[in-house]
Amino acid sequence: MSLDQLVKDDEKTPVLCLPHQCEFLSDTWLDRVRDFLAKEISRTDSALPLFSLAMRLVDAPAHLGFDENIAQCSVRFDGSQLQVDRQIEGDFEVLVEGAYQAGLFMAQIVGAQVPGCLAEAEREKQHLFGAQALRMQGQISDARVQGVMARLYDHMARLTVENPDLCHRAEALGLARHIREVEEQGYTVIENAISPEFADDVRAATLRAVMAHDGYQLQWMLYHGQEFERLLQNAPLMTLMDASLGRGAGIGSISAIVRGPGPGGIPLHNDYSMIPEPYPDFAMTGVGVWALEDWTVASGPTWIVPGSHRERRAPNKGEGLDRGVAIEMPKGSVVYFTYGVWHWQGDRSEPGQRVTVHSHFNRGILRGLEPKRVDVQMMHRNAPRLGEMLGEDDWFDKLDAHGRDYLRAGHMAKLQAFTEQRKKLLLSQVSTGPESVLTS
Ligand SMILES: [Fe+2]
């Protein structure tokens, strides 16, 4: 399906999210900023002081239709009139400039009023995109306006979807090579997908949860703390999930494993539980295993048999062990494998514990290994990305008195078609074309 086919006659750009959501810096996004601020201004007892902000981000995805793919907007309140539009002429108290995808990373963080939350998000953003990817000049000094802005920030983050253009997003995150590797080898490693500091936080939270149970392994890790809510929405890993499993992929199981020295406890296998052979040529499940310490051969890493997914079947006992490679990667990295690739847990010869979190996702049409619990407060403290993996954006398991949820059925079909189209473009251009496809 071409981009043109995704645009209805009465639309300027394709609508690739549900009506209650919006894309970062789209016209709908601006409308909701305006509506929210108008309500905030009208409910204050005494007039708010003047305030003004502007944002100018380059390399926005092409489907949003901005001139030269530059997305910009401004907010100005003169004491009586509120103006929210695309003009960024003149002086503003705050000016944000940089790259669209880095801005979107921050725009999906809910927690502007939670101490330390935005500072942690800023650290992760700089870790992924670099210190200069998003720059802010100036600041809001009035405490009441700061409060309004914090509430606006969270309100918009709850509505803002991830960039639906897989090709553009993968390029912006430096993942085109990784998507190609998954197709060819059945796996890839994203080094340093989170900061070492965040890896330490996740490791500590994992140990707290696991030690309260059997001390070895645990499932349902999403529900053991906000560290896991953040980890699951990791933009690089979810981009690989989107590429191989399609949009609307659901959580299959979020598990943790703590292991000490000794032989590996999980023999050669694949993750295609009860899937008949030969396996389909599209991916059914994918797993990202997070390294929360440095992984070396001595630490007992996962071993993978590259290309074994082409067999489209489970391994026979001992088959492929001589072709296995140890996944060595620094703390904060994630290995992603799919297509039923063969793997096992290696022996650990060094002391101490290896602590891992396993993000196991299924194509949206499949069932998970653990039941999903949609907690409305969890949804409220996260962007729509988390709801998507809990099945909130598709039509499965949904029905009301009027019948099936055709709105979500249509939305997911459109999003899937766009994702597939962009994946094909990415794969064709990575193999033979130019380095960047940002303007395509
Ligand atoms: Fe496995």
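Author: Two parts of a structure are in contact when heavy atoms lie within 4.5 Å of each other. The structure above is a predicted model, in which local features need pLDDT of at least 70 and side-chain atom pairs count only at pLDDT 80 or more, while totals for chains, interfaces and linings use all residues. Residues are numbered from 1 along each chain as its sequence is written, and side-chain values use heavy atoms, with hydrogens and water left out.

Reader: What covers the buried residues of helix 8?

Author: Helices (H or I, at least four residues) and strands (E, at least two) are DSSP runs, numbered from the N terminus. Buried means under 20% relative accessible area, exposed over 50%, and partly exposed in between, with a 1.4 Å probe and protein chains only. In helix 8, the buried residues include Phe198, Val202, Leu207 and Val210. Their cover includes helix 4, strand 9, helix 9, strand 10 and strand 16 (354-362).

Reader: How many residues does helix 4 have, and what span is expected of them?

Author: The expected span of a helix is 1.5 Å times one less than its number of residues. Helix 4 (residues 117-129) has 13 residues, and its first and last C-alpha atoms are 18 Å apart, close to the expected 18 Å. Cys117, Ala121, Glu124, Lys125 and Phe129 are buried in this helix. These residues are on the same side of helix 4 because they cover an arc of only 110 degrees around the axis, the arc being that of the directions from the helix axis to the C-beta atoms. Among the elements covering them are helix 3 (100-107) and strand 6 (134-137). Gly130 follows helix 4 and has a positive phi, near 95 degrees.

Reader: Is the peptide bond from Glu277 to Pro278 cis or trans?

Author: That bond, from Glu277 to Pro278, is cis, with omega near -5 degrees. Pro278 lies in the loop between strand 10 (250-259) and strand 11 (285-291).

Reader: How many salt bridges does a search of the whole structure find?

Author: A salt bridge is a side-chain nitrogen of Lys or Arg within 4 Å of a carboxyl oxygen of Asp or Glu. The search finds 24 of them. In one, Asp242 meets Arg385, with the closest N and O atoms 2.9 Å apart. Asp242 lies in helix 10 (residues 235-245) and Arg385 in helix 12 (residues 384-389), so the pair ties together parts that are 143 residues apart in sequence. Both Asp242 and Arg385 are buried. A network of salt bridges links Arg169, Asp242, Arg247, Arg385 and Glu388.

Reader: Which residues form a nonpolar patch on the surface?

Author: Patches are made of residues with over 30% relative accessible area and no salt bridge; like charges are joined within 9 Å, and nonpolar side chains (Val, Leu, Ile, Met, Phe, Trp, Tyr) within 5 Å. Accessible areas come from the Shrake-Rupley method with a 1.4 Å probe, and for residues only the protein chains shown count as cover. Here Ile365, Trp395, Phe396 and Tyr406 form such a patch, with about 440 Å² of accessible area together. Tyr406 lies in helix 13 (residues 406-432) and counts as exposed at 55% relative accessibility.
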